[in-house]
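Student: I have a model open and want to understand the terms used for it. Can we go through them one by one?

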Amino acid sequence: MIRVNNLTKTFDGFTALDNATLTVPQGSVYGLVGPNGAGKSTLLRHLCGVYSPDKGVVSIDNQPIWENETLKQRVVTIPDDWHYFLQANIRDMMKFYRGMYPGFSMERYEKLKEVFQMDEKRAIRRLSKGMQKQVAFWLSLSACPDYLLLDEPVDGLDPVMRRQVWSLLLGDVAERGTTVLVSSHNLRELEDVCDHVGILDHGKVLLERSLAQLQDNMVKLQVVFPDGMTVVPADLDIVHATKIGRMHTLIMRTDAKTATERLAPYQPLLVDAIPLTLEEIFVYELGGADYAVKDIIL
Ligand SMILES: Nc1ncnc2c1ncn2[C@@H]1O[C@H](COP(=O)(O)OP(=O)(O)OP(=O)(O)O)[C@@H](O)[C@H]1O
């Protein structure tokens, strides 16, 4: 489990992380979402032990990661700007990873060669940006880490490779219990893969939730009320309502069963629960806050 408690980091008087607190449960895929400059990369650099906290605690499996060489061998990061030795080809970098990470599996490396289909003798600097990212995934997954930290991981990958990479990652989560923390600007991109989401803005974690919590707490219903009933009853806990013709679309802060029961006395002609997107849930969860939530996460 990853725990970040009241983490503060300041650069020359500028506060990049401001009392940030979050928890990434074991075996989860945690999406860290926030706009440019929110502090995502800075947080990830603390988690892989590159930065030391000014204040607060950053621990993995209850041990501080800072200057903890043994723990770092179980944590692999793919940063936004993945680094390689300038003259290295893929095989050279593989040897570097194999030396760094005791969990590195040559068998996995050979298997993944078939997925990524690249000539190991190719100089990495001659590869396209997207191909370099593929190499980063190839080597990182071969290292069989317990924790995988990904900064904007699929940027630069084509749609087919994105799907491929996500399927490999989710396979590792299911089979090996790998814990994945993934940062992104875009909640939409994380919708299908994350089971936990945290929102970071101006160095603060605005909220974090598990998907199960999110899905149980809010419901979207399409409702048609009987003739003559044009106004939605005020006693329903409605966070958002729209109407097209006779069809009301209601977002209510409860679960689908309770919502249907509460609508029953009004004898609706139709009640149909439809899925809420993660974006909708976050927008309405944060709806009362005095900032442009949509600008933060969409
Ligand atoms: N080494 C540094 N020195 C000075 N300021 C820094 C440093 N690293 C980060 N910052 C500042 O901290 C803030 C957060 O930066 P960070 O790179 O963590 O944001 P981010 O959420 O990853 O952004 P992006 O989505 O654009 O990559 C920014 O204002 C950035 O300028």
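Tutor: Start with a definition: a residue is near a molecule or strand if its C-beta atom, placed from the backbone, lies within 6 Å of it. This is a predicted model; local features need pLDDT of at least 70, side-chain atom pairs count only at pLDDT 80 or more, and totals for chains, interfaces and linings use all residues. Residues are numbered from 1 along each chain as its sequence is written.

Student: Which residues are around the ligand?
Tutor: Phe11, Phe14, Ala16, Gly34, Asn36, Gly37, Ala38, Gly39, Lys40, Ser41, Thr42 and His185. H1 gives the largest share, three residues.

Student: Why are H4 and H5 called roughly antiparallel?
Tutor: Angles run from 0 to 180 degrees between N-to-C directions, with axes fitted to C-alpha atoms, for helices over the stretch in contact. Under 35 degrees counts as roughly parallel, over 145 as roughly antiparallel, 65 to 115 as roughly perpendicular, the rest as oblique. H4 (residues 106-116) and H5 (residues 129-142) pack at about 155 degrees, axes 9 Å apart. Therefore they are roughly antiparallel.

Student: Which residues make that contact?
Tutor: Contact needs C-beta atoms, placed from the backbone, within 7 Å. H4 gives Arg108, Tyr109, Leu112 and Phe116; H5 gives Gln134, Trp138, Leu141 and Ser142.

Student: How do you know that E3 and E9 pair?
Tutor: Pairing requires at least two DSSP bridges between two strands. E3 and E9 have four, and run parallel.

Methods: Helices (H or I, at least four residues) and strands (E, at least two) are DSSP runs, numbered from the N terminus. Two residues are in contact if their C-beta atoms, placed from the backbone, lie within 7 Å.
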